[in-house]
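Subject: Structure handover

Hello,

Here is the structure for your files. My notes on it follow below.

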Amino acid sequence: MTLFMFTDFGVEGPYVGQLEAAIDQVNREIKIIHLLHNAPFANPEASSYLLAALAGQLPGDCIVLAVVDPGVGGERAALVLEADGRFFVGPDNGLLNTIALHSKVTQWFEIDWAPDNCSKSFHGRDLFAPMAAWLYSGLADDKLKPYQARGLSSWPLDLDQIIYFDHYGNAMSGIRYCKRFDGQALKINGHVLTQADTFSSVSKGECFWYENSAGLIEIAANQENAKQLLDLAVGDAVAWSRDDS
Amino acid sequence: MTLFMFTDFGVEGPYVGQLEAAIDQVNREIKIIHLLHNAPFANPEASSYLLAALAGQLPGDCIVLAVVDPGVGGERAALVLEADGRFFVGPDNGLLNTIALHSKVTQWFEIDWAPDNCSKSFHGRDLFAPMAAWLYSGLADDKLKPYQARGLSSWPLDLDQIIYFDHYGNAMSGIRYCKRFDGQALKINGHVLTQADTFSSVSKGECFWYENSAGLIEIAANQENAKQLLDLAVGDAVAWSRDDS
Amino acid sequence: MTLFMFTDFGVEGPYVGQLEAAIDQVNREIKIIHLLHNAPFANPEASSYLLAALAGQLPGDCIVLAVVDPGVGGERAALVLEADGRFFVGPDNGLLNTIALHSKVTQWFEIDWAPDNCSKSFHGRDLFAPMAAWLYSGLADDKLKPYQARGLSSWPLDLDQIIYFDHYGNAMSGIRYCKRFDGQALKINGHVLTQADTFSSVSKGECFWYENSAGLIEIAANQENAKQLLDLAVGDAVAWSRDDS
């Protein structure tokens, strides 16, 4: 089994190392893979669609420690979601909602435990990381209680917005690709982009849309930075238009 | 046992990977956690206070490879510090001083070894990483000799300055929190900030100070970037004022 | 044995974690070290000289997963290069050429395998990472066929250009140091730089050239950022002049 991390902590330090140290204290044999540490800052909604797309490609029995938690220290609950065999540990702020909506079988739990010296600003280290380590180790049952998820019915299955920029400046949307988009033009920020099959099938610097390797609609430029070329930001609306419209 | 790294090398490459490769050559079974790789650039003094705060929360028997070393290749000695059971490996430029001052039992050693082909610009790889690996493996004794630390008596216990910005733009100071600060206002760059308990207890974009998860006084903004909002830099002076002053 | 990664994927996410997950699916016991993930963007030529310098210092029996692949999804072949005992897995776009030229014994193979659901934009995850894992595990033979490398005869042994900036703003060139450069001045962007032995042997902010820890000619400034001070970019030409010229 593998424990994946998905956070907005940044990878340089010190928070990711502190998560690892907390896990190391529970069980030194846990295999950790850092999936992503630059989730959209303080944005659980956008992060939720990115997490769902990436998590859908992970092994069927993994643990995911997911922390994008601007409300840390406030009233939001601390959760575990079991979704089609995978376990997700994170805050109750929407971050896990999209996974639940895209899954067949789900079960929600609230974490019914806290350390004596829990900080008010870093539940990732003090609460979620130990919980993930216990789940991995089969020692979590007595620290969980059933939970009734709220607000899922009003949460859209896809998000028609930009949710993430990768290292290259490619812009991922919260829209899962399906065949009906083929041949349609994508409208964003006053630009109209056509579909391309591969980066190298368009000329250098040309912008296009395509189904990315996580199954999402993505806006990219061949060998250049689409974010800068099109002046994009997280939250920008994505729309479609038939060529004949 | 775990080996933690604390450097200003940046995590993208290639220096951190080269540290790992050097350790791998000595002992393939060493467990490594990357605590921090964006220590204040070429600033051993500020780094010293950050390292001491973070190291105080690590397991009691760890090894810490600590490299912020602008004087590499010059005259500064190469050291090992044993402090309350933890071992620190790094340059003699102040980086390890704060740990020593905050510890009960300390012992200093000078590294009495160098490889034949030691580079002049990367002692992290050529000297400190192998040394940390030997310490971890119980093979260091014949490569160390006693050392007399210098200048510790003039080194302050806390540093009344900004020492580090995290991924969110939160500004850490070199001041450890204690109860006497409660209710005081913090003055920085002409701004006066009040204390808050949690990020979510102030409005979005509001700046405040609080005790961070490493026990340091930190300046932050709810869901925004305090560094940018207050135009802060490493080295900016932090002062206190009673509300009635 | 150790598997090293060298890419332009950025380390924050999600691509590096996805490479690790793909390797984890093949063999959970593979030891991975992240050598570099900020190779010059979409620039296999510059990356090739950096990779060759770094790889020459790696253990003699390692696997290197090397992906800088702007032509992904197009016609370029997918290769394995065995060079003096080390194995390199990557695209046929020049990235592996410098290693081949600097090695004594080389053998080229084409990857004769693809997964059913291979993406068009992420062969690192779908093709190269599994291949590297099979090589590591001794399971690759039936997925390789001999390959005839092209264009090597016109590829220079050294590249007289800036190829990479490190975390500090130091500028690496594609030129390997040799003694005949000693005492020569280096010309770049209208600046003339003299040689220095160590960072601390020049004054703060002074720019100089030296042999870096990977054996390349590098331009640096003591405790400051040479890239910014000299306004450098990847591709800038490096030239030499005798002091008496």
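Predicted model: local features only at pLDDT ≥ 70, side-chain atom pairs only at ≥ 80, totals over all residues.

B:Ala42 sits in the loop between β2 (31-36) and α2 (44-55) of chain B. Its phi is near 55 degrees, a positive value in a residue other than glycine.

A:Asn189 also has a positive phi, of about 50 degrees, although it is not a glycine. The loop that holds A:Asn189 runs between β10 (185-188) and β11 (191-193) of chain A. A:Asn189 has 13 C-beta neighbours inside 10 Å and so counts as partly exposed. For context, most residues other than glycine have a negative phi, and most peptide bonds are trans.

Two cis peptide bonds should be noted as well. In chain B, one joins B:Gly13 and B:Pro14, with omega about -5 degrees. B:Pro14 lies in the loop between β1 (2-7) and α1 (15-26) of chain B. In chain C, a cis peptide bond joins C:Gly13 and C:Pro14, again with omega about -5 degrees. C:Pro14 is in the loop between β1 and α1 (15-26) of chain C.

**The sheet in chain C**

Chain C has an open sheet of 7 strands in the order β2-β1-β3-β5-β4-β6-β7, with mixed pairing. β2 (32-36) and β7 (144-146) of chain C are at the edges with a single partner strand each, so one side of each has no neighbour in the sheet. On average, neighbouring strands of this sheet are turned by 25 degrees against each other, direction ignored.

Within the sheet, strands β1 (residues 3-7) and β3 (residues 63-67) of chain C run parallel and are joined by 5 bridges. C:Phe6 stands opposite C:Ala66 in β3(C). Helix α4 (residues 123-137) of chain C lies across β1, β3, β4 (78-83), β5 (86-91) and β6 (106-111) of chain C, and runs at about 170 degrees to β3(C).

**Core**

The largest nonpolar core has 255 residues. Those with the most contacts inside it are A:Leu65, A:Ala132, B:Leu65, B:Ala132, C:Leu65 and C:Ala132. Leaving out residues up to four places away in sequence, A:Leu65 touches A:Leu3, A:Met5, A:Leu19, A:Val89, A:Phe128, A:Ala129 and A:Ala132.

**Chain contacts**

Between chains A and B, the contact takes 24 residues from chain A and 23 residues from chain B. Helix α1 (residues 15-26) of chain A gives the most to the chain A side, with 5 residues. By class, that side of chain A has 9 nonpolar, 9 polar and 6 charged residues.

Between chains C and B, 22 residues of chain C are in contact with 24 residues of chain B. On the chain C side, the largest share, 4 residues, comes from β2(C). This side of chain C has 10 nonpolar, 10 polar and 2 charged residues.

How are chains C and B related? A rotation of 120 degrees with 0.0 Å of shift along its axis superposes chain C on chain B, with an RMSD of 0.0 Å. The two copies are thus related as by a three-fold rotation axis. In chain C, the C-alpha nearest the axis belongs to C:Val11, at 4.4 Å from it. The copies use different surfaces: 5% of the contact residues of chain C recur in chain B.

Regards

Terms used:
Residues numbered from 1 in each chain as written. Chains lettered and ligands numbered in written order. Pairing = 2+ DSSP bridges. Helix = DSSP H or I, 4+ residues; strand = E, 2+ residues; numbered from the N terminus. Axes fitted to C-alpha atoms, helices over the stretch in contact; angles between N-to-C directions. Contact = placed C-beta atoms within 7 Å. Nonpolar A, V, L, I, M, F, W, Y, C, P; charged D, E, K, R; others polar. Least-squares fit on C-alpha atoms with pLDDT ≥ 70 in both. Core = buried A, V, L, I, M, F, W, Y, C linked by C-beta atoms within 7 Å. Buried ≥ 20, exposed ≤ 12 C-beta atoms within 10 Å, placed from the backbone.
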